[in-house]
Amino acid sequence: MRVLGIEGTAWAASAALFDTEAEDDSIFIDSDPYQPESGGIHPREAAEHMADAVPAVVDSVLSHAVETSDAGSPEIDAVAFSRGPGLGPCLRIVGTAARSLAQTLDVPLVGVNHMVAHLEIGRYQSGFDSPVCLNASGANAHLLGYHNGRYRVLGETMDTGVGNSIDKFTRHVGWSHPGGPKVEQAAKDGEYVDLPYVVKGMDFSFSGIMSAAKQAYDDGEDVADICCGLQETIFGMLTEVAERALSLTGTDELVLGGGVGQNERLREMLAAMCEERGAEFYAPDPRFLRDNAGMIAVLGAKMYEAGDTLPISESSIDPNYRPDQVPVTWRGDDES
Ligand code: ATP
């Protein structure tokens, strides 16, 4: 079975072909990131980028599909797309592209929840059975665990996404987008400074930390020291809640998802926590952590196999699509 996936929730226009029969299990990805000239992601500019970039990446994947087919045609069984959550103007471009392609190829359409795809790519690659997932991305931060046919939100941010809050601090300092990698680099030369640590039960908040970090910068504190304090505080909070999620669910498997998961210090903290409690930890390759169509095609294939496809008339996008809104049709085990 071959599924073509399209991703474009915010900044990454990406298309992928997932072939369940391919011997190397390989996923072909083509992506073209949107880079704001100044400030953060501007929804209209990001959508204009998608309008240019999505046809180009879909075209390259279709050519790849033809080249790897004996029939001389793409041999696509279904088209999967990111239905949400994300920026409405970007999602509409992706939705339109996916609908047109599915109709042109005369194949079913599959609407994928982007955050569930972050979890499923980790579960698929690790071979874990029923992991807890920490999704640490630009616009989101939450812990997911499977129970009774759905991925439940065990804990989440009470305000901004984790990457977006880091990016807000770096904008204040005058660094270009995205800020996360720059904070990671700067923190290597920094010494820890104290910042507010806010965990309430299973939820966490980043807005107070960001205000305190900006204030510390305005007060003349060394920026590398603030970056170090930011990483230790924010990632400490995520690690604490991830550990509590493992403990409460009784699960001994943790997977990481989302672009912030590319950060070595976060991975190190999660790996150490898992090792101490005898749990297994899996972090996908960076290209499968940041927004990518590979994860959309992989989950799209599972959903297609389960018959979970969308009529065109019901395929509207949802910028606020929560992971716990998705009936998990593809696992076939609803006892846990
Ligand atoms: P979402 O999945 O919520 O739609 P998104 O579209 O913003 O997220 P992602 O690719 O998941 O995109 O994540 C982008 C975020 O990851 C940005 O906020 C960026 O600063 C952050 N990021 C990237 N690399 C690193 C890093 N090494 N350390 C920390 N943060 C990072």
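Residues are numbered from 1 along each chain as its sequence is written. Because the model is predicted, local features need pLDDT of at least 70 and side-chain atom pairs count only at pLDDT 80 or more, while totals for chains, interfaces and linings use all residues.

The shell around the ligand holds 26 residues, of which Ser-137, Gly-138, Gly-163, Gly-180 and Gly-259 come nearest; a residue is near a molecule or strand if its C-beta atom, placed from the backbone, lies within 6 Å of it. Helix 4 (162-173) and helix 5 (180-187) each supply at least two residues of the shell, and the largest share, four residues, comes from helix 4. Helices (H or I, at least four residues) and strands (E, at least two) are DSSP runs, numbered from the N terminus. Both domain 1 (2-118 + 290-325) and domain 2 (127-288) give residues to the shell, so the ligand lies between them; the domain bounds come from an automatic or database domain assignment.

Helix 3 comes next. Its 13 residues (114-126) should span 18 Å at 1.5 Å a residue, and the 19 Å between its end C-alpha atoms agrees with this; the expected span is 1.5 Å times one less than the number of residues. Eleven of the 13 residues of helix 3 are buried, so that the helix is mostly covered. A residue is buried if 20 or more other C-beta atoms lie within 10 Å of its own, exposed if 12 or fewer, and partly exposed in between, with C-beta atoms placed from the backbone. Among the buried residues of helix 3 are His-114, His-118, Glu-120 and Arg-123. Just after helix 3, Gly-127 takes a positive phi of about 75°.

Five strands form an open, mixed sheet in the order 8-7-6-11-12. Strand 8 (150-156) and strand 12 (280-282) are the edge strands, each pairing on one side only; two strands pair if DSSP finds at least two bridges between them. From one strand to the next, the twist averages 25°, with axes taken as lines fitted to C-alpha atoms (for helices over the stretch in contact) and angles running from 0 to 180 degrees between N-to-C directions. Strand 6 (residues 132-136) and strand 7 (residues 141-147) run antiparallel and are joined by four bridges, and Cys-133 stands opposite Leu-144 in strand 7.

Between strand 4 (78-84) and helix 2 (88-105) lies Gly-86, which counts as buried because it has 28 C-beta neighbours inside 10 Å. The C-alpha atoms of Gly-86 and Asp-318 are separated by 7.8 Å, although the two residues are 232 apart along the chain. Pro-85 lies in that loop between strand 4 and helix 2, and a cis peptide bond joins Gly-84 to Pro-85, with omega about 0°. A cis peptide bond also joins His-177 and Pro-178, and Pro-178 lies in the loop between helix 4 and helix 5.
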